[in-house]
Amino acid sequence: MQELIATSTAPQVSRVAEDARFLRLLHRGSALRTALTEMWRTRGDYVGAEAALREALLQEHFVSAQKEWRGLHVMTIHKAKGKEFDEVIIYEGTFSGRILAANADSRRIAQSRLALRVAVTRAIRRATIVTPLRDGCPFL
(Lines give C-alpha, C1' and ligand atoms only; values in the text may rest on other atoms or scores of the structure.)
Protein backbone atom coordinates (compact mmCIF):
# COMPACT_ATOMS: atom_id res chain seq x y z
CA MET A 1 0.00 0.00 0.00
CA GLN A 2 2.82 2.43 0.87
CA GLU A 3 4.46 1.79 -2.50
CA LEU A 4 1.16 2.38 -4.29
CA ILE A 5 0.74 5.73 -2.52
CA ALA A 6 4.38 6.73 -3.05
CA THR A 7 4.28 5.99 -6.79
CA SER A 8 0.94 7.68 -7.43
CA THR A 9 0.81 10.13 -10.33
CA ALA A 10 -1.54 12.39 -8.37
CA PRO A 11 0.65 15.05 -6.73
CA GLN A 12 -1.58 15.25 -3.65
CA VAL A 13 -1.29 11.51 -3.00
CA SER A 14 2.50 11.35 -3.51
CA ARG A 15 2.84 14.35 -1.18
CA VAL A 16 0.98 12.35 1.51
CA ALA A 17 3.60 9.59 1.18
CA GLU A 18 6.42 12.11 1.52
CA ASP A 19 4.79 13.73 4.56
CA ALA A 20 4.24 10.32 6.17
CA ARG A 21 7.94 9.54 5.78
CA PHE A 22 8.87 12.75 7.58
CA LEU A 23 6.32 12.09 10.32
CA ARG A 24 7.80 8.66 10.97
CA LEU A 25 11.22 10.28 11.20
CA LEU A 26 9.96 12.93 13.66
CA HIS A 27 8.29 10.35 15.89
CA ARG A 28 11.35 8.15 16.38
CA GLY A 29 11.09 8.54 20.11
CA SER A 30 12.15 10.58 23.03
CA ALA A 31 15.84 9.70 22.68
CA LEU A 32 16.20 11.98 19.65
CA ARG A 33 14.10 14.73 21.22
CA THR A 34 16.16 14.58 24.41
CA ALA A 35 19.48 14.65 22.53
CA LEU A 36 18.44 17.61 20.35
CA THR A 37 17.07 19.52 23.35
CA GLU A 38 20.29 18.97 25.25
CA MET A 39 22.37 20.16 22.27
CA TRP A 40 20.37 23.37 22.00
CA ARG A 41 20.33 23.97 25.74
CA THR A 42 24.08 23.48 26.27
CA ARG A 43 25.53 24.91 23.05
CA GLY A 44 22.77 26.78 21.27
CA ASP A 45 23.18 24.77 18.06
CA TYR A 46 22.54 21.35 16.59
CA VAL A 47 26.10 20.30 15.83
CA GLY A 48 26.09 16.52 16.11
CA ALA A 49 22.40 16.17 15.22
CA GLU A 50 23.22 13.63 12.52
CA ALA A 51 24.96 11.38 15.06
CA ALA A 52 22.02 11.81 17.46
CA LEU A 53 19.59 10.79 14.71
CA ARG A 54 21.69 7.73 13.86
CA GLU A 55 21.75 6.73 17.55
CA ALA A 56 17.96 7.19 17.87
CA LEU A 57 17.36 5.02 14.79
CA LEU A 58 19.69 2.36 16.16
CA GLN A 59 17.85 2.36 19.49
CA GLU A 60 14.51 2.14 17.65
CA HIS A 61 15.78 -0.89 15.74
CA PHE A 62 16.75 -2.74 18.91
CA VAL A 63 13.54 -1.82 20.72
CA SER A 64 11.37 -3.05 17.83
CA ALA A 65 13.41 -6.26 17.62
CA GLN A 66 12.57 -7.01 21.27
CA LYS A 67 8.95 -5.90 21.03
CA GLU A 68 6.30 -8.52 21.69
CA TRP A 69 4.41 -8.82 18.42
CA ARG A 70 0.68 -9.61 18.68
CA GLY A 71 -1.85 -10.01 15.92
CA LEU A 72 -1.15 -10.15 12.21
CA HIS A 73 1.79 -8.22 10.76
CA VAL A 74 2.57 -7.94 7.06
CA MET A 75 6.17 -7.04 6.29
CA THR A 76 9.03 -7.73 3.95
CA ILE A 77 11.67 -10.32 4.78
CA HIS A 78 14.11 -7.47 5.32
CA LYS A 79 11.84 -5.85 7.95
CA ALA A 80 11.43 -9.19 9.71
CA LYS A 81 15.15 -9.58 10.41
CA GLY A 82 15.88 -9.84 14.11
CA LYS A 83 12.25 -10.51 15.05
CA GLU A 84 10.48 -13.70 16.09
CA PHE A 85 6.88 -14.74 15.54
CA ASP A 86 4.85 -17.78 16.57
CA GLU A 87 3.97 -18.45 12.95
CA VAL A 88 5.28 -17.06 9.68
CA ILE A 89 3.60 -17.20 6.28
CA ILE A 90 5.88 -16.49 3.34
CA TYR A 91 3.91 -15.57 0.24
CA GLU A 92 5.40 -15.74 -3.23
CA GLY A 93 3.42 -14.07 -6.00
CA THR A 94 2.95 -15.39 -9.51
CA PHE A 95 4.40 -12.39 -11.35
CA SER A 96 5.88 -10.19 -8.64
CA GLY A 97 7.16 -10.84 -5.16
CA ARG A 98 9.14 -13.86 -6.30
CA ILE A 99 11.62 -15.39 -3.88
CA LEU A 100 13.99 -16.04 -6.76
CA ALA A 101 13.88 -14.03 -9.98
CA ALA A 102 13.74 -16.09 -13.18
CA ASN A 103 16.95 -14.60 -14.60
CA ALA A 104 18.97 -14.64 -11.36
CA ASP A 105 22.73 -15.07 -11.53
CA SER A 106 24.67 -17.08 -8.93
CA ARG A 107 25.05 -14.05 -6.62
CA ARG A 108 21.29 -13.34 -6.64
CA ILE A 109 20.56 -17.04 -6.10
CA ALA A 110 22.74 -17.02 -2.97
CA GLN A 111 21.07 -13.80 -1.72
CA SER A 112 17.59 -15.21 -2.34
CA ARG A 113 18.44 -18.45 -0.57
CA LEU A 114 19.72 -16.47 2.43
CA ALA A 115 16.59 -14.26 2.44
CA LEU A 116 14.36 -17.35 2.45
CA ARG A 117 16.39 -18.79 5.31
CA VAL A 118 15.95 -15.54 7.26
CA ALA A 119 12.19 -15.61 6.63
CA VAL A 120 11.74 -19.23 7.68
CA THR A 121 13.85 -18.86 10.82
CA ARG A 122 11.65 -16.00 12.09
CA ALA A 123 9.07 -18.65 13.05
CA ILE A 124 9.06 -20.08 16.56
CA ARG A 125 6.49 -22.82 15.88
CA ARG A 126 5.62 -22.99 12.20
CA ALA A 127 6.58 -21.51 8.84
CA THR A 128 4.30 -21.87 5.82
CA ILE A 129 5.45 -21.03 2.31
CA VAL A 130 2.74 -20.21 -0.25
CA THR A 131 4.10 -20.42 -3.78
CA PRO A 132 2.44 -20.66 -7.23
CA LEU A 133 1.49 -24.23 -8.15
CA ARG A 134 2.76 -24.05 -11.74
CA ASP A 135 5.96 -22.10 -11.18
CA GLY A 136 6.90 -22.72 -7.56
CA CYS A 137 10.04 -21.60 -5.80
CA PRO A 138 12.97 -23.73 -7.00
CA PHE A 139 14.35 -23.92 -3.44
CA LEU A 140 11.37 -26.03 -2.31
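Biologist: How many salt bridges does the structure hold?

Modeller: The structure holds seven salt bridges, a salt bridge being a side-chain nitrogen of Lys or Arg within 4 Å of a carboxyl oxygen of Asp or Glu. This is a predicted model, in which local features need pLDDT of at least 70 and side-chain atom pairs count only at pLDDT 80 or more, while totals for chains, interfaces and linings use all residues. Residues are numbered from 1 along each chain as its sequence is written, and side-chain values use heavy atoms, with hydrogens and water left out.

Biologist: Which residue meets Arg41 in a salt bridge?

Modeller: Arg41 pairs with Glu38, at 4.0 Å from N to O. Both residues belong to helix α3 (residues 30-43), where being three residues apart separates them by about one helical turn. Helices (H or I, at least four residues) and strands (E, at least two) are DSSP runs, numbered from the N terminus. Arg41 is exposed at 62% relative accessible area, whereas Glu38 is partly exposed at 39%. Buried means under 20% relative accessible area, exposed over 50%, and partly exposed in between (1.4 Å probe, protein chains only).

Biologist: What about Arg126 and Glu87?

Modeller: Their side chains form a salt bridge of 3.1 Å, N to O. Arg126 lies in strand β2 (residues 123-130) and Glu87 in strand β1 (residues 85-91), so this pair ties together parts that are 39 residues apart in sequence. Arg126 is partly exposed at 47%, and Glu87 is partly exposed at 48%.

Biologist: And which residue forms a salt bridge with Arg98?

Modeller: Asp135 does, with the closest N and O atoms 3.1 Å apart. Arg98 is in the loop between β1 and α6 (106-120), and Asp135 is in the segment after β2, so the pair ties together parts 37 residues apart in sequence. Salt bridges that share partners also join Glu92, Arg98 and Asp135 into one network.

Biologist: Let us look at α6. Which of its residues are buried?

Modeller: In α6, Ser112, Leu116, Val118 and Ala119 are buried. Seen down the axis of α6, the buried residues fall within an arc of 155 degrees, so they line one face of the helix; the arc is that of the directions from the helix axis to the C-beta atoms.

Biologist: What do those buried residues pack against?

Modeller: The buried residues of α6 pack against α5 (77-80), β1 and β2. The face of α6 turned away from its buried side carries the exposed residues Ser106, Arg107, Leu114 and Arg117.

Biologist: Finally, which residues form a nonpolar patch on the surface?

Modeller: Ile89, Tyr91 and Val130 form one, with about 340 Å² of accessible area together. Patches are made of residues with over 30% relative accessible area and no salt bridge, where like charges are joined within 9 Å and nonpolar side chains (Val, Leu, Ile, Met, Phe, Trp, Tyr) within 5 Å. Accessible areas come from the Shrake-Rupley method with a 1.4 Å probe, and for residues only the protein chains shown count as cover. Ile89 lies in strand β1 and is exposed, with a relative accessible area of 62%.

How values were computed
Contact means heavy atoms within 4.5 Å.
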